[in-house]
Amino acid sequence: MAPLTLLRGVDAYAPAPLGRKDILLGGDRILAIEDHVPVPQGVEVRVVEGAGLRAIPGLIDAHTHLTGGGGEGGAETRVPNMTVEGFRRAGVTTAVGLLGTDCTTRSIGELLACARGLEAQGLRTFIYTGGYTVPPRTLTGSVREDIVHVDRIIAVGETAISDHRSSQPTFDELVRLAADAHVAGMMTKKAGLLHLHLGDGSRKLELVRRALTETELPPRVFHPTHCNRNRPLWEDAKRLSRLGCTIDVTAFDADGDAPDAAGAFLEWRADGLDPSRLTISSDGGGCLPTFDADGVLLHMDVGSSETLLAAVRALVAEGIPLGDALAPMTSNVARLFRFRDRGELQVGRLADVVLLDDRWSVVTI
Ligand code: ZN
């Protein structure tokens with residue numbers, strides 16, 4: 001492979017629109033973004049003609065089950081590992097992996113090994129320690145030590161609340177986890193978040209709201225996800241964002257009158273909520289189950305990161321500028337997770353540039 005790559009005349013989005021640009025990549029970094037970058041001399045350069053292509057920051061999918069989720073309908077419903085090809089097709093360059101319901105037969109060690117395997121094949125990865133349960137599944141026995149000592153571990157989650165599959169954590173247990181994540185994040189400059197799986201339970205975000213009034217923990221620490229899974233939860237999540245929390249919605253098919261990811265974005269905008277406080281993740285590799293009243297699994301789908309670009313495409317079709325539609329899965333995630341080297345096309349950042357053709361397919365170069 002040539003040491004330098006020059007993307008010529010691409011329609012660039014930082015995610016804010018930059019117009020037609022030449023982008024020079026080398027040493028795994030963005031070296032230049034200019035109207036015209038002359039072909040560097042004395043070194044091998046691969047020139048890619050970018051006419052008709054859009055260049056966007058690689059998507060950051062902050063909720064993926066790298067080892068596969070599932071297992072809620074018996075061992076035969078365990079989902080297999082995610083593949084690097086799947087992420088590539090989806091335009092995802094950084095995936096944050098986690099354990100879900102099944103953190104009993106699956107472990108943080110297995111998740112870490114899986115993340116390392118994907119990393120060796122060209123995907124950038126991080127992981128959460130924990131899983132649905134409290135006390136959480138960890139590598140070292142402590143959430144704080146996992147985050148402080150293991151480079152790839154950056155936060156805790158997806159800790160389940162308001163769900164029949166949760167450990168029914170108490171308020172004290174939950175804020176202890178959040179505090180450990182927060183302090184470990186400060187010590188390491190990592191995300192230091194408590195990423196919360198929200199179920200269909202009527203308590204919704206009650207525990208988080210209580211944490212914001214009764215403890216000193218800053219709102220940024222709490223990152224609830226699946227907030228668009230039903231209408232009452234979604235309304236509660238929008239209210240919570242006004243207290244400073246960033247809200248994550250999942251790019252899945254929503255039930256009833258709950259919005260899908262694109263619909264959630266449109267409502268967020270219509271309600272005048274802070275656009276930087278919305279993130280979208282895929283739940284890729286996770287199971288999307290339907291249960292009966294006794295908690296028996298009736299039906300299960302598997303999530304995919306490809307739903308992220310599908311949501312962007314749906315938003316653009318609704319007249320949303322592409323840069324705005326990209327923010328919840330690029331710059332917004334990067335800001336919340338303290339990823340200073342990605343999430344935006346900017347000189348000096350990682351060369352995680354994704355090219356899209358006019359049919360929204362990812363073009364591999
Ligand atoms: Zn979940």
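Trainee: What makes the meeting of the Arg78 and Asp102 side chains a salt bridge?
Mentor: Their N to O distance is 3.8 Å. The term asks for a side-chain nitrogen of Lys or Arg within 4 Å of a carboxyl oxygen of Asp or Glu, so the pair qualifies. Arg78 sits in the loop between strand S6 (59-64) and helix H1, and Asp102 in the loop between S7 and H2, so the bridge ties together parts 24 residues apart in sequence. Helices (H or I, at least four residues) and strands (E, at least two) are DSSP runs, numbered from the N terminus.

Trainee: What kind of model is this, and what limits apply?
Mentor: It is a predicted model: local features need pLDDT of at least 70 and side-chain atom pairs count only at pLDDT 80 or more, while totals for chains, interfaces and linings use all residues. Residues are numbered from 1 along each chain as its sequence is written, and side-chain values use heavy atoms, with hydrogens and water left out.

Trainee: Why is Arg78 called partly exposed, and Asp102 buried?
Mentor: Buried means under 20% relative accessible area, exposed over 50%, and partly exposed in between (1.4 Å probe, protein chains only). Arg78 has 33%, so it is partly exposed. Asp102 has 12%, so it is buried.

Trainee: Which salt bridge involves Asp352?
Mentor: The one with Arg124, at 2.8 Å from N to O. Asp352 is in the loop between helix H10 (331-336) and strand S16 (353-356), and Arg124 is in strand S8, so this pair ties together parts 228 residues apart in sequence. Both Asp352 and Arg124 are buried.

Trainee: How do you know that Arg231 and Glu267 pair?
Mentor: Their closest N and O atoms are 2.8 Å apart, and they form a salt bridge. The pair links helix H6 (residues 231-241) to helix H7 (residues 261-270), 36 residues apart. Arg231 and Glu267 also belong to a network of salt bridges with Glu235, Lys238 and Asp271. The structure holds 22 salt bridges.

Trainee: What makes Glu158, His197 and His226 zinc donors?
Mentor: Donors are N, O and S atoms within 2.8 Å of the metal (3.2 Å for Na, K and Ca); water is not among the atoms, so sites may look incomplete. Here OE of Glu158, ND1 of His197 and NE2 of His226 coordinate the zinc ion at 1.9 to 2.3 Å. Their spacing in sequence is E-x38-H-x28-H. Glu158 lies in strand S9 (residues 153-161) and His197 in strand S10 (residues 194-198), so this pair ties together parts 39 residues apart in sequence.

Trainee: How do you know that the span of H2 fits a helix?
Mentor: The expected span is 1.5 Å times one less than the number of residues. For the 13 residues of H2 (residues 108-120) that gives 18 Å, and the end C-alpha atoms are 18 Å apart, which agrees.

Trainee: Why say that the buried residues of H2 line one face?
Mentor: Ile108, Leu111, Leu112, Cys114, Ala115 and Leu118 are buried in H2. Seen down the axis, they fall within an arc of 160° (taken from the directions from the helix axis to the C-beta atoms), so they line one face. Their cover includes helix H1 (84-89), strand S7 (92-97), strand S8 (124-129) and S9, where contact means heavy atoms within 4.5 Å.

Trainee: What makes a set of residues a nonpolar core, and which have the most contacts inside the largest one?
Mentor: The set must be buried Ala, Val, Leu, Ile, Met, Phe, Trp, Tyr and Cys residues joined through side-chain atoms within 4.5 Å. The largest core has 75 residues, with the most contacts at Ile56, Leu66, Phe222 and Trp234. Helix H4 (residues 171-188) gives the largest share, 7 residues. Beyond four places in sequence, the contacts of Trp234 include Cys227, Ile247, Val249 and Trp268.
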